[in-house]
Amino acid sequence: MKLILLGAPGAGKGTVAKMLTAIDGSVQISTGDILRGAVAAGTDLGKEAEGYMKRGDLVPDSLIMGIMEKRLQDNDCKKGFLLDGFPRTIPQAEALTELLKKLGITLDMAVSIDVPRDVILDRLCTRRTCANGDCQAIYNVKSNPPKKEGICDKCGSPVVQREDETETAISHRLETYNEKTAPLIGFYAKTGLLKTVTGTSSDAVVAAIKSSLGI
Ligand code: ADP
Ligand code: ZN
């Protein structure tokens, strides 16, 4: 499957993407994970992106499009991909349309995961992430804590609160989402690709996606 996952920070895009990869071997492409990996590795990309990310601002479109143009041509994308956190602005969506045309790729759907704001806020404040750039497993102090407090079940690295998950950065990210990313819902509605799924359970979101894909 070739899907775009749209939704506010904390809507569950990453969790849903991981569940979908298990169905048909499509790969999850998270620009946030790629950028955090680059920051952790101290690459040029990471150095450029770090300041924007800490503040909860978007990284410039040109940097993101450079990443995606390369990533979508990797061999593992042939089976399909789940775009998680990209596109994030109308210019990125327009550039993606052009890029896919150039690469001869057709999208199946753009899924908008719609979750109430109070649930989002609660999730973001309680979310914790594995600090290992190659792992980035996600936990929740209330609903899904690691087995050993502060230690990743998968790789043993420290599990931390992301620097952009302080209260100020979170509210700034939500504002940025409303202003820059929410308009993509209208953009994909016009192309006929939009499917809106309302609900707080990732299982229900995955089931709805499967049924609209007929799988
Ligand atoms: P979330 O969806 O929880 O906000 P992400 O992991 O998707 O988190 O993104 C974290 C940060 O990485 C964003 O706040 C932003 O600075 C940057 N980022 C990720 N994807 C993009 C993108 N497509 N365009 C611009 N910035 C991005
Ligand atoms: Zn880990």
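This is a predicted model: local features need pLDDT of at least 70, side-chain atom pairs count only at pLDDT 80 or more; totals for chains, interfaces and linings use all residues.
**Ligand 1**

I began with the residues around ligand 1 and found 19 of them. Those that come nearest are Thr31, Arg36, Asp57, Arg127 and Arg173. I then sorted the shell by class. It divides into eight charged, seven nonpolar and four polar residues. Which helix gives the most to this shell? It is α2, residues 31-41, with four residues.

Next I looked up polar side-chain atoms close to the ligand. For arginine 127, an N or O atom of the side chain is 2.8 Å from an oxygen atom of ligand 1. For glutamine 92, a polar side-chain atom lies 2.9 Å from a nitrogen atom of the ligand. For lysine 13, the distance from a side-chain N or O atom to a ligand oxygen is 3.3 Å. On its own, the ligand has 550 Å² of accessible area, and the protein covers 96% of that.

**Second largest pocket**

I turned to the second largest pocket. Its space comes to about 370 Å³. I listed 17 lining residues. Nearest the centre are Arg36, Val39, Met53, Arg162 and Glu163. By class, I noted six nonpolar, six charged and five polar residues in the lining.

**Salt bridges**

Side chains of opposite charge can pair when their charged atoms come close. I searched the whole structure and got 14 salt bridges. I followed up one that involves arginine 36. What is its partner in this salt bridge? The partner is aspartate 33, with an N to O distance of 3.0 Å. Both residues lie in helix α2. They are three residues apart, about one turn of the helix.

**Backbone**

Most residues other than glycine have a negative phi, and most peptide bonds are trans. I looked up two departures.

The peptide bond from phenylalanine 86 to proline 87 is cis. Its omega is near -5 degrees. I placed proline 87 in the loop between β3 (81-84) and α5 (90-103).

Glutamine 136 is not a glycine, yet its phi is positive, at about 55 degrees. Where is glutamine 136 found? I placed it in the loop between β5 and β6 (138-140).

Conventions
Residues are numbered from 1 along each chain as its sequence is written. Chains are lettered from A and ligands numbered from 1 in the order in which they are written. Side-chain values use heavy atoms; hydrogens and water are left out. A residue is near a molecule or strand if one of its heavy atoms lies within 4 Å of it. A polar contact is a pair of N or O atoms within 3.5 Å; within protein, one must be able to donate a hydrogen and the other to accept it, and residues adjacent in sequence count only if both atoms are side-chain atoms. Accessible areas come from the Shrake-Rupley method with a 1.4 Å probe; for residues, only the protein chains shown count as cover. Helices (H or I, at least four residues) and strands (E, at least two) are DSSP runs, numbered from the N terminus. Ala, Val, Leu, Ile, Met, Phe, Trp, Tyr, Cys and Pro count as nonpolar, Asp, Glu, Lys and Arg as charged, and the others, Gly among them, as polar. On a 1 Å grid over the protein atoms alone, a cavity is a set of points where a 1.4 Å probe fits but cannot get out, and a pocket is an open set with protein on both sides within 12 Å along at least five of seven lines; lining residues have an atom within 4 Å of a point. Grid points are joined across faces, edges and corners, and a volume is the space filled by probe spheres set on the points. A salt bridge is a side-chain nitrogen of Lys or Arg within 4 Å of a carboxyl oxygen of Asp or Glu.
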